[in-house]
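Load the model in your viewer and keep the selection panel open. The stops below say what to select and what is there.

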Amino acid sequence: MQLDITSFKHHEGRVSRKSYCPAALLLMAAVLASASQAADAPDGRVIATVNGQPITRAIFDQMVNVSVGVANPYDEVTAQEKADRKAAEQNIDRVKLLEDLVTMEVLAQKARERGIHLRKDVAAEAELQYKTLLGQQLVRDIIAETKVQQSDIAARYAAQKPDRQYQVSHILLKTVTQARSVITQLDRGTAFASVARRHSIDTNAGKDGSLGWLMTNQMTENFAAAMVKLAGQGMPATSREPIQTEYGWHVIRVHAARDMPKPPLEAMQNILRTDILRERVEARIAQLKREARLELKLSQ
């Protein structure tokens, strides 16, 4: 099992609706309800009992919360999103939700009668879920406490370099020997496009080997690194050594390069704010870890 208390995934827009087992839902509801009561906002009204054990309004309200989904704390919630959430809460089948809570309580009581709650694996799973939830709530608090100024966003935008595109062609061969033979032909003055038509096994490229305009994130790492290096030597430029990727051996020719226009600051505002916020939160978590006294006693 991999636990990540710092990431808040997006599902169906900006609200996370994770799939939890019933026990996990009850655990989350119980912990969140306890937190709510601790904040001097208790709602201990009993809305049902199961064999004398109460189900409180606080637990029920938190089940509604979990069922609707919790907004990603890194995002700024808009008025429309608040309205959508309120509408979603109103559309919850509350009778069905209460039935689910009753079922959970019945099963939990029977599990305790059998001593299931004393099993080591169950106790470990409950502790993992409990601590994960507490950690996520702490991260939410840290996010709320962390401020990102408009000047921070503007500075990050100004420091960003524009994306760069490269006009590139290649000849793809099966073996390094074939690739070196192609380089020899090019050295003798044979046109790149002509050699590509005769020898390249890449059926996706143009017949002349053309790949068009590409950015480095659209290529394999080795190909991109060789292309950027070639572009830095002056263009047009052709590789003097074959480049190996998972597809075979490449002879690359870079014709030109150009900077892409940066999107306006307004279009990047939310992305940059989230990036800065995430970095600061991760730095705060790293600080907490550094301040903790750690003793590792795990043996292989």
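## Stop 1: helix α5

Select residues 120-145, helix α5: at 1.5 Å a residue, its 26 residues should span 38 Å, and the end C-alpha atoms are 37 Å apart, which agrees. The expected span is 1.5 Å times one less than the number of residues. Helices (H or I, at least four residues) and strands (E, at least two) are DSSP runs numbered from the N terminus. Within α5, the buried residues are Thr132, Leu133, Gly135, Gln136, Val139, Arg140, Ile142 and Ile143. Buried means under 20% relative accessible area, exposed over 50%, and partly exposed in between (1.4 Å probe, protein chains only).

This is a predicted model, in which local features need pLDDT of at least 70 and side-chain atom pairs count only at pLDDT 80 or more, while totals for chains, interfaces and linings use all residues. Residues are numbered from 1 along each chain as its sequence is written, and side-chain values use heavy atoms, with hydrogens and water left out.

## Stop 2: the whole chain

Now zoom out to the protein chain, which has 10 helices and 9 strands. Of its 300 residues, 31% count as buried. Its accessible surface comes to about 19,400 Å², with 52% belonging to carbon and sulfur atoms; the areas come from the Shrake-Rupley method with a 1.4 Å probe, and for residues only the protein chains shown count as cover. Among contacts with a separation of 6 or more, 73% are between residues 24 or more positions apart. Contact means heavy atoms within 4.5 Å.

## Stop 3: α6 against α10

Select residues 150-159 (α6) and 265-291 (α10). At what angle do the axes of these two helices cross? They cross at roughly 105 degrees and come within 9 Å, and α6 and α10 are therefore roughly perpendicular to each other. Axes are lines fitted to C-alpha atoms, for helices over the stretch in contact, and angles run from 0 to 180 degrees between N-to-C directions. Angles under 35 degrees count as roughly parallel, over 145 as roughly antiparallel, 65 to 115 as roughly perpendicular and the rest as oblique.

On the α6 side, the contact is made by Gln150, Asp152, Ile153, Arg156 and Tyr157; residues on the α10 side include Leu265, Met268 and Leu272.

Centre on Tyr157, in helix α6. Tyr157 counts as buried, at 18% relative accessibility. Its C-alpha atom is 7.4 Å from that of Leu272, 115 residues apart along the chain. Leaving aside neighbours within four places in sequence, Tyr157 is in contact with Lys262, Pro263, Pro264, Leu265, Met268 and Leu272.

## Stop 4: either side of β7

Go to Pro236, in the loop between α9 (221-231) and β7 (237-238). The peptide bond joining Met235 and Pro236 is cis, with omega about 0 degrees. Pro236 is partly exposed, with a relative accessible area of 48%. Not counting residues up to four places away in sequence, Pro236 touches Arg253, Val254 and His255.

Then select Ser239, in the loop between β7 and β8 (243-245). Is Ser239 buried or exposed? Ser239 is buried, with a relative accessible area of 5%. Apart from neighbours within four places in sequence, Ser239 is in contact with Ile183, Leu230, His250, Val251 and Ile252.

## Stop 5: Asn51

Finish at Asn51, in the loop between β2 (46-50) and β3 (53-56). Asn51 is not a glycine, yet has a positive phi of about 55 degrees. Most residues other than glycine have a negative phi. Asn51 is exposed, with a relative accessible area of 67%.
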